[in-house]
Amino acid sequence: MKKIVYDPDPIINEIRAVRAKIGRKYPTMEAYFEHLRNLPSAAELHEQLKAKLALQEKRREHARLSRKQSDGVTKKQVYVETSVISYLTSRPARDVILLARQQFTAKWWEQRDEWDLCLSSAVLEELADGDPDAARRRLAIADTITKIQKLPSATMLADELIRSNAVPTIAAADATHLAIASTHGIPLLLTWNQRHLDNPSCRQKISAVIMEMGFLPPFVLTPERLLEKEI
């Protein structure tokens with residue numbers, strides 16, 4: 001018959017097993033208990049859930065507002081960001097991805113009368129930078145698009161986007177574009193900037209900050225997606 005060996009102190013062994021498991025994530029037991037102390041309370045979790053649900057409802061309302069115009073009656077307003085005009089006026093690229101973007105942008109431009117286009121002084125400043133000949137081509141296109149002013153509230157919103165790390169400091173210009181479009185209530189922001197603007201990984205935080213400041217965030221998309229009516 002197999003001899004049964006009883007653990008002389010199962011509680012100690014259980015504690016050791018727990019400590020071993022905790023040790024894989026926390027260097028000391030004190031660090032683990034500090035983690036427990038910092039866990040949110042039930043009330044805090046409830047408030048977080050309420051905030052999340054409110055954010056989802058605001059997004060749904062934003063989607064309803066952006067679709068609430070009849071076909072052929074009201075044109076959807078689009079804020080045109082700098083990169084779109086740069087692709088539109090640049091010389092044909094050798095890189096296949098860049099060339100495809102140029103072609104989608106050119107096709108979108110041919111159909112531009114379907115939308116109410118606008119841009120800001122922030123876009124004009126960026127378009128004027130760089131090679132003089134290229135800048136002239138970019139500004140010539142910009143001259144055909146409606147200009148909107150940067151409202152004082154846009155400066156506050158852009159600062160908050162950076163302060164909250166929704167947009168990095170090095171992308172302050174991108175925060176400005178988002179803020180101008182939001183404070184004017186423009187439903188769409190057109191861009192090829194997929195690092196800080198059309199980036200799913202930071203979209204939720206950007207939208208949350210904008211709505212916390214009392215505005216509706218624009219739906220950010222590329223000319224390719226706009227042509228596919230992905231709105």
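These legends describe an overall view and two close-ups of a predicted protein model. Residues are numbered from 1 along each chain as its sequence is written, and side-chain values use heavy atoms, without hydrogens or water. Local features need pLDDT of at least 70 and side-chain atom pairs pLDDT 80 or more, while totals for chains, interfaces and linings use all residues.

**View 1. The protein chain holds 11 helices and 5 strands.** Both are DSSP runs, numbered from the N terminus: helices are H or I of at least four residues, strands E of at least two. Of the 231 residues, 38% are buried (under 20% relative accessible area; exposed is over 50%, partly exposed in between; 1.4 Å probe, protein chains only).

**View 2. Helix α8 (residues 152-163) crosses helix α9 (residues 172-183) at roughly 135°.** Their axes come within 8 Å. Axes are lines fitted to C-alpha atoms over the stretch in contact, with angles from 0 to 180 degrees between N-to-C directions. The angle makes α8 oblique to α9 (under 35 degrees is roughly parallel, over 145 roughly antiparallel, 65 to 115 roughly perpendicular, the rest oblique). Contact (heavy atoms within 4.5 Å) involves Leu157 and Leu161 of α8, among others, and residues of α9 including Leu178 and Ile180. The contact residues divide into 10 nonpolar, 4 polar and no charged (nonpolar: Ala, Val, Leu, Ile, Met, Phe, Trp, Tyr, Cys and Pro; charged: Asp, Glu, Lys and Arg; polar: the others, Gly among them).

**View 3. Asn165 lies in the loop between α8 and α9.** Asn165 is not a glycine, yet its phi is positive, about 65°. Its relative accessibility is 61%, so Asn165 counts as exposed.
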